[in-house]
Amino acid sequence: MSDRKFLTRCLQLANYARGNTSPNPLVGAVVVHKGRIIGEGYHHRAGEPHAEVMAIRSVKDPSLLPESTVYCSLEPCSHFGKTPPCSHLLVEHGVQRVVIGCLDPNPLVAGRGKAYLEQHGIQVDTYEAPEVFEALNKVFFTNFLKKRPYIALKWARSQDGYVDHVRESAKMLAASISGPIAVINTHRLRAEFDGILISAKTLVLDRPRLNLRHFGGKAPRPIIVGSSTLKIGPKELSTLDISPLIVTQEVIPGFDCIQADPRDVAHWLPKLIEHNVYSILVEGGPTLQSSFVRENLVDEYHEYVSTESLGKGIPAISIPANSTTMLGSDQYNKSIG
Ligand code: AOF
Ligand code: ZN
C-alpha cells in the first residue's frame with residue numbers, strides 16, 4: 001500500500017518537467033526512511049542529472065541511506081549516457097531497497113539497471129501495474145518499441161462530418177469550424193508535440209503559420225508532406241513561422257528535406273527521429289490522415305465536433321471502430337461562419 005503511495009509521488013514529481021525532457025522520459029524519484037520521505041527529485045531536462053541523482057542529493061543526512069528505500073517511476077539506468085548510471089549511484093550509497101514503476105525500454109538499459117542492483121544485494125520490486133508508468137512516457141515508449149515518432153491525429157468536423165468545403169484555390173476561404181475554445185485547445189495540444197504535420201495541399205490552400213499563438217510553450221516544428229501533383233517552393237513555405245522539415249521526392253534547395261516517396265508513410269516516418277522529432281500532431285488533411293490510419297500508425301485521436309452542419313464538403317476521416325488507441329475528449333460548440 002505505501003509502495004503505491006510513494007510511487008504516486010514519483011509520478012507527481014516527474015510531471016513537473018512535462019514538455020521539457022524530450023527525448024528523455026519524465027522520471028521522478030523519492031527516498032523513504034522508515035516510512036518518511038527524506039529526499040525527492042525529478043529529471044528536469046535531457047543532459048541534466050537524472051531523477052535518482054536529484055533525490056539522493058536532496059537527502060540532508062546521507063547516513064540514513066543504507067536503511068532507506070528509493071522509489072523510481074522508471075528503472076534506474078545502467079549506462080553511461082550524457083550522465084553516469086543511476087544504478088551505480090544507488091549501489092555506492094548502499095540503499096536497502098529499490099521500487100520501480102516500470103522497466104526502461106531503452107535497449108541500453110532494458111532490465112540491466114534492475115539486474116545491476118540485484119547483483120549488488122539490493123532488493124528490487126517492480127510495481128504490479130507498470131502500464132500506469134509506461135503511459136506517463138507514451139512518447140518515449142513508442143519511440144523505442146515501435147521505432148518511430150508518437151502520432152496523434154487532430155481534426156475539427158461539422159456535426160454532419162465535413163472538415164471543409166471543397167476548395168480549389170486559396171482564394172476560397174476555409175469553412176470556419178473551430179470555435180475559440182477549440183483553437184486554444186489545439187494550441188495547447190501543439191505545445192506537447194515536437195512536430196506538426198500537414199500536406200502540401202493544406203499548405204497551399206490554407207497558407208497556415210502553424211505557430212503557437214493562443215497558448216504558452218514551445219511551438220512544434222512544421223513538417224510538410226509533399227505531393228507528386230502539387231509543387232511547393234520558398235513562396236508557399238514563406239507563411240510558416242518556423243523553418244520546416246519537408247518530406248519530398250525532389251529536394252528543395254535551402255530547406256531541410258527528407259528525400260522519400262511522400263505516399264510511403266511507413267518508410268519515412270521512422271526517419272523523423274533522426275531529425276529530433278519524437279512526437280507529431282498530424283493536422284491535415286483527411287487524405288494524409290487516412291494514410292496513417294491505413295498503415296496502423298496512429299497512437300491517439302483528437303476529434304473536435306461542431307454543433308453545426310455544413311451540408312456538403314470534404315468528409316472527415318472516421319476513427320476505426322476497433323481502435324484501441326486513446327481518444328481525445330474534445331467537444332465544443334461553435335456556429336459555422
Ligand atoms: C534514469 N533516471 O531520470 C532518466 C533516465 O543521456 P542520459 O545520460 O540522460 O540518458 C538518457 C537515457 O537514460 C534515456 O534514454 C533513458 O533510457 C534513461 N533515462 N533514467 O535512471 C532518469 N531520465
Ligand atoms: Zn539514470
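Visitor: How many salt bridges does the structure hold?
Guide: Pairs count here when a side-chain nitrogen of Lys or Arg lies within 4 Å of a carboxyl oxygen of Asp or Glu. In this predicted model, the number of salt bridges is 15.

Visitor: How many residues apart in sequence are the parts that Glu300 and Lys138 tie together?
Guide: Glu300 and Lys138 form a salt bridge whose closest N and O atoms are 3.0 Å apart. Because Glu300 belongs to strand β13 (residues 300-305) and Lys138 to helix α6 (residues 138-145), the pair ties together parts whose distance in sequence is 162 residues.

Visitor: Is Glu300 buried or exposed?
Guide: Lys138, its partner in the salt bridge, has a relative accessible area of 25% and is partly exposed. For Glu300 the relative accessibility is 5%, and since the cut-off for this class is under 20%, Glu300 counts as buried.

Visitor: Which residue forms a salt bridge with Asp241?
Guide: Asp241 sits in the loop between α9 (234-237) and β10 (245-248), and its partner, 32 residues apart, in the loop between α8 (200-206) and β9 (221-225). Asp241 is partly exposed at 45%, and the closest N and O atoms of the pair are 3.5 Å apart. The partner is Arg209.

Visitor: In which strand does Arg221 lie?
Guide: The side chains of Arg221 and Asp256 meet in a salt bridge at 3.1 Å, N to O. Asp256, partly exposed at 34% relative accessibility, lies in strand β11 (residues 256-259), whereas Arg221, 35 residues apart, lies in strand β9.

Conventions:
Residues numbered from 1 in each chain as written. Chains lettered and ligands numbered in written order. Predicted model: local features only at pLDDT ≥ 70, side-chain atom pairs only at ≥ 80, totals over all residues. Heavy atoms only, no water. Helix = DSSP H or I, 4+ residues; strand = E, 2+ residues; numbered from the N terminus. Buried < 20%, exposed > 50% of the residue type's maximum accessible area, 1.4 Å probe, protein only.
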